[in-house]
Amino acid sequence: MPEGRWIGHMTWSDLLFAHWPVAARELRAWVPGAMEIDEFDGSAWLGVVPFEMTNMYVRGLPPLPGLSRTLELNVRTYVLVDGAPGVYFFSLDAASWPAVIGARMVYHLNYLHARMSIERRGDRVGYASRRIHRGAAPAEFRAEYRAVGSPYISAPGSLEYFLTERYSLFADDRKGRLYRADIHHDRWPLQCAEASFELNTMAAPIGLELPSSAPLLHFAKELDVRVWRPHQLTNTGKYPV
């Protein structure tokens, strides 16, 4: 559990982890210089992660009607900052404009407004997103996915653990200042997954063409998450851009 008091709660549902192995050099120009790109067996990874977020509230306040739910689709990689593992987000598309504004102000994250939908058909999840944020590079995603097999907890040292059990996020602001925010939740109840991608241009804004090989897929049905206030980091090392 991180130090201090958590400030917010949310529930993540019907989440797909879609991961592609990529060369770290392809990401380096897009990751702040104070962050080391974390690799597993010599490869960096790029994740495209759609899900629904519900039961959102600030500590001490009830969920507010119209502000307690949104869809989110993030594009991410994995980093180390002074030896601490975490997530770096290239973009986070969300359907709620207030959520976009709040997260950009408080967490210095590249949240972007998008028109999004989710449709559940039996055990299948249909998910669509089209970025509509003014001035942002276009990006779209349309896919259908479902869980395959029983839930399991990933083993420490495994690739699944490396990709999913991350409890810090790192961000930088326009002045180059670096921030860390921590989260806490139970270990991910992962399931293997299958997916069909009708359209996926989420990596195009960073000039990355995803590998033609099939991505590594995992599904998680539901997880409660608590978040902490971000804090500015100092005296971090520098990595070549």
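**Figure 1. The lining of the second largest pocket and the strand β5.** In this predicted model, the largest share of the lining of the second largest pocket, four residues, comes from β5, a strand being a DSSP run of E of at least two residues, a helix a run of H or I of at least four, both numbered from the N terminus. A pocket is found on a 1 Å grid over the protein atoms alone, as an open set of points where a 1.4 Å probe fits, with protein on both sides within 12 Å along at least five of seven lines, and its lining residues have an atom within 4 Å of a point. β9, like β5, supplies at least two residues of this lining. The volume of the second largest pocket is about 550 Å³, counted as the space filled by probe spheres set on grid points that are joined across faces, edges and corners. Of its 24 lining residues, F90, R104, H108, L109 and N110 are the closest to the centre.

Residues are numbered from 1 along each chain as its sequence is written, and side-chain values use heavy atoms, without hydrogens and water. Because the model is predicted, local features need pLDDT of at least 70 and side-chain atom pairs count only at pLDDT 80 or more, whereas totals for chains, interfaces and linings use all residues.

**Figure 2. The largest pocket.** About 1000 Å³ of space lies in the largest pocket, and among its 41 lining residues M10, M53, M56, Y107 and V227 lie nearest the centre. Elements that each supply at least two residues of this lining include β1 (8-22), β3 (44-58) and α2 (97-107).

**Figure 3. F90 and the largest nonpolar core.** A nonpolar core is a set of buried Ala, Val, Leu, Ile, Met, Phe, Trp, Tyr and Cys residues joined through side-chain atoms within 4.5 Å, where buried means under 20% relative accessible area with a 1.4 Å probe and protein chains only. The largest such core has 41 residues, and L27, V31, M35, L46 and F90 have the most contacts inside it. To this core β4 gives the most, with five residues. Leaving aside residues up to four places away in sequence, F90 touches residues including W30, V75, R76 and I206, a contact being heavy atoms within 4.5 Å.

**Figure 4. S158 in its loop.** The loop between β8 (140-152) and α3 (159-164) holds S158, which counts as buried because its relative accessibility is 18%. A polar atom of the S158 side chain lies 3.2 Å from the backbone nitrogen of Y161.

Conventions:
Buried < 20%, exposed > 50% of the residue type's maximum accessible area, 1.4 Å probe, protein only. Polar contact = N/O pair within 3.5 Å; in protein donor to acceptor, adjacent residues only side chain to side chain.
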